[in-house]
Amino acid sequence: MTPYVEVVFGLRPDMRRAFIMIQDAVMVLVAVALSLVLSRSNLSFEAFSYEGLTTWACIVVSSHLLFRYCGLYNTVWRFASTPDFFNILKSCAILTVALYCASLSFRFFKPVTGINERQFIVFFLVSFTIISAPRLFYRFLRDGASWRILNRAADKGLTKQALFVGRLGEADLIIRFTRTAQPGDYSIAGVMAIENDAPLGTRIQGVPVVAVRPRLTEFLEDYTRGTKSLDLLIFGNGAGREIEEYSELVRVARHSGIAVVQFSGFSELGQGGKLVLDAVEMETILRRPAVPSDIERIGTFVRGKRVLVTGGAGSIGRTLVRRSLELGAEAVLVADLSEFGIFQLSQYIDEKDHDRLKARIVDVADRRQMTRVISEFKPCIIFHAAALKHVPLLEENWDAAIQTNVFGTLVCAEVAAKCGVPQFVLVSSDKAVDPTSVLGMTKRAAEQIVSALHESHAVQPNGYQPGGHHSGTKFIAVRFGNVFGSNGSVATIFQAQIEAGGPVTITDRRMTRYFMTVAEAVDLVIMSAADAASRQGRDDYAVYMLDMGKPVSIVEVAETMIRMAGKSPYTDIPIRFTGIRPGEKLHETLHGEDEEVVELSTSKVFGLRTDVVDWPRVETALTALRTAMKSQDKGSALAVLEGLHQAERSPGDARRPTGPKRIGHAG
C-alpha cells in the first residue's frame, strides 16, 4: 500500500475523521487560491492581512459546518459509491452559491475589487475535484484494486486465474468482489456471457467479454489450448439450467486440468470476505432443469414445527434435516444408529443451527427406544427415511432388511400414532413397484403398513390404531426413484472407479434408471406432506409419487461422467459389463399397472390410487413374518411378503382402494 493509505488506515476512527476534516479545510483554501490565480484576479486587500485572514477563516468555518450538515463525515469512504460523490458535488455547489451571495452582500458595506463570477465557477470545479480526489484515491488503494493490478505479475503465483460463465450483472459483482477481497484468491481473466445479446469484446471493469452464446464451448477449447495460466472455471448461479452446453463446458475444462466450481454467494462483503464456490456435482449429467420449489408453501408447512427424521445421517435424511432447519423448524431431531453418520451430520449443518438440532443414536426397530424418543421430543412431523437400500447386499442379509425396512417402519408408525404425532411420512422407493428383490419386497411391505394405517384413519374420523387406540396421525408414503449422488448410488460408485483409473462396471448395457437430485427429492417430499396435510376423509392419498422425468441410460451416465472427468470412455477408462445381479431389474417403474396416477395442483407431485390390504390382514402377515424371522427361514419370510403383495390384487374384503377410482386432476 502507499504511505498515504497506511497512515490514514492506521488511525483510530475519530482521529481519521479529524484528519479528513482538516484535509477538507486545507482543500477549500487551496481551491480559493487556485480560483484567484486561474482567473487572474487582483484583490483589493492583502491575502495575509487581518481582513484576508478573517475572510479565509470564515470560509473554512462555513464550509466545515456545511460539509458536516450534508453528511460528508458520516460516510465510510472505502465503501463510497456514486451517491456519495454526488453529495460532494452538491455540497461544493451550495458552498459556491453561498460564498457568491456573501460576496455580493459584503460589497454593499465595503467596496472590494478583483472579485467576479469567473472566480466562483473556477472555485466550484476545483473544490469538487480536489475534495473528491483523496477520497477516491483512498478507496482505490485501500480496497486493493489498483494494488493488485499494479502487482499482478508478482502475485501471479498466488492468485488463481479464472474465467466466469454467467450473466453480465453477476460478473460485475464477482469482479468487483475479487478485486477488493483480501487476500486476493481469484482474478477474473475473462467473462463468457450467457445472454444472447451480450456485446462481445466489451469490458466490465476492465475485464473483457471473451465469448457469447452459442460459441462458448468452441471458445473454451481454443482458450485452453492456447494458455496454461487458467486455473478455474466459475459458473454463475443457475447457469447450468440456462445453457445447454453446460456439461460439455465442464468436460472441456476438466480435460484441461481446470477446476470447475459454481458461484452461490458471498460469505462476507468487502475485506476478508470470500466467494462461496460450490463444486460442480456429477448430477449435472441429468441434463434436465431442476424442479423449482414452492418455497413459500413448504416454508409455511415446516416453519415453527418440531421435526423428527429417522435415518437422518443418510443422504436423504441429512438433506431433510438441513432443509427443515433452513425452512425455520422449531427443532429437528435426528434418529440414527450410525454414530459416525451423526457426527458427520453435525459438521454438515451450519453452526447457527446447532442449537435447534438434536440427535439420538437409536435403532428404529426398538419400540422402547423409539417410544422414549418420540414422547420426549413431541414432533409434529416424522420423516421416516431410515432404511437399508443396497439391492445385492440385502439379498444375502434379508433378515436385516426385514428388521429395519418392515419392522422399523411398523414400530415408528405405531409409536407415532400412539403419541399423537400429526403426520408420518414414509420415504419409499420405486423398488416397491412389482418387487423382485428383498429390498423391493420390504419397501412394498412398508408402504402397505403405512397405507393400511392411512386407510383406517380415512375410514374412521378419529383414526384407528392397533390395540384399540385412536389417533389423529396422517400417514403417507412418498415414492420416487434413485437419488443422484446419494450414498451407494451409481454416481458415487462410478466416481470412485473413474478416480481409480477404471474399469467402470455396469451390470447390463440396456439398464436404465430414474434419477433426481437430493435437493429436488427432499423439497418434493416436504411438498407431498404439505399437500397431504390439507386433505381430509377419503379424498386423499396414502401414496404420493414424484415426477422423475424420463429414465436415464446407465451406460450414458458412465460415459458422461468419464468425459466430465477429462477422460475418454473405453479408451482411457474401460467400461465392463458384469451381468445383472440378484434382485435387479433392467428397468424400474414408478407405479404398477393396477395403480392409477392422479395429477394434483402441486407441481411434480402425483397422487396414486392403489389397492390397500386391511389392517387385520397386515397384522396376520406380520405375525407370520416374525415367526419366519425367529426360525431364520428366508423362504417362508419372502413367501409372506409375496403373499401380502398378492393380497392387494385378490378379490374380496382384503382389497380396498385408498379412494374413489378416477384418473385426472385433483385439487
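**Close-up views of side-chain interactions in a predicted model**

**View 1. A network of salt bridges links Arg322, Arg323, Glu326 and Asp523.** The model shown here and in the views below is predicted, and it holds 21 salt bridges. Because glutamate 326 and arginine 322 are four residues apart in helix α13 (residues 315–326), about one helical turn separates them. Glutamate 326 is partly exposed, at 47% relative accessibility, and arginine 322 is likewise partly exposed, at 34%.

**View 2. Aspartate 430 and lysine 431 meet in a salt bridge through their side chains.** The N to O distance is 3.6 Å. Aspartate 430 has a relative accessibility of 0% and therefore counts as buried, and lysine 431, with a relative accessible area of 13%, is buried as well.

**View 3. The side chains of glutamate 588 and lysine 585 meet in a salt bridge.** The distance from N to O is 3.9 Å for this pair, and both glutamate 588 and lysine 585 are buried.

**View 4. Tyrosine 100 and phenylalanine 120 form one of the five aromatic pairs in the structure.** The ring centres of tyrosine 100 and phenylalanine 120 are 5.1 Å apart and the ring planes stand at 75°, so the arrangement is edge-to-face. Since tyrosine 100 belongs to helix α4 (residues 82–109) and phenylalanine 120 to helix α5 (residues 117–142), the pair ties together parts that are 20 residues apart in sequence. Tyrosine 100 is partly exposed, with a relative accessible area of 24%, whereas phenylalanine 120 is buried, at 13% relative accessibility.

**View 5. Phenylalanine 219 and tyrosine 223 form a tilted aromatic pair.** Their rings lie 5.4 Å apart, centre to centre, with 40° between the planes. Both residues are in helix α9 (residues 216–226), where phenylalanine 219 and tyrosine 223 are four residues apart, about one turn of the helix. Phenylalanine 219 is buried, with a relative accessible area of 15%, while tyrosine 223 counts as partly exposed, at 23% relative accessibility.

**View 6. Arginine 306 lies over the face of phenylalanine 377.** The distance of arginine 306 from the ring centre of phenylalanine 377 is 4.3 Å.

View 7. Valine 618 is buried, with a relative accessible area of 0%. Valine 618 and leucine 644 are 26 residues apart in sequence, and their C-alpha atoms are 7.3 Å apart in space.

Definitions and conventions
Residues are numbered from 1 along each chain as its sequence is written. This is a predicted model: local features need pLDDT of at least 70, side-chain atom pairs count only at pLDDT 80 or more; totals for chains, interfaces and linings use all residues. Side-chain values use heavy atoms; hydrogens and water are left out. Rings of Phe, Tyr and Trp (its six-membered ring) pair if their centres lie within 6.5 Å; planes under 30 degrees apart count as stacked, over 60 as edge-to-face and the rest as tilted. Helices (H or I, at least four residues) and strands (E, at least two) are DSSP runs, numbered from the N terminus. Buried means under 20% relative accessible area, exposed over 50%, partly exposed in between (1.4 Å probe, protein chains only). A charge sits over a ring if NZ of Lys or CZ of Arg is within 6 Å of the ring centre and within 35 degrees of the ring normal. A salt bridge is a side-chain nitrogen of Lys or Arg within 4 Å of a carboxyl oxygen of Asp or Glu.
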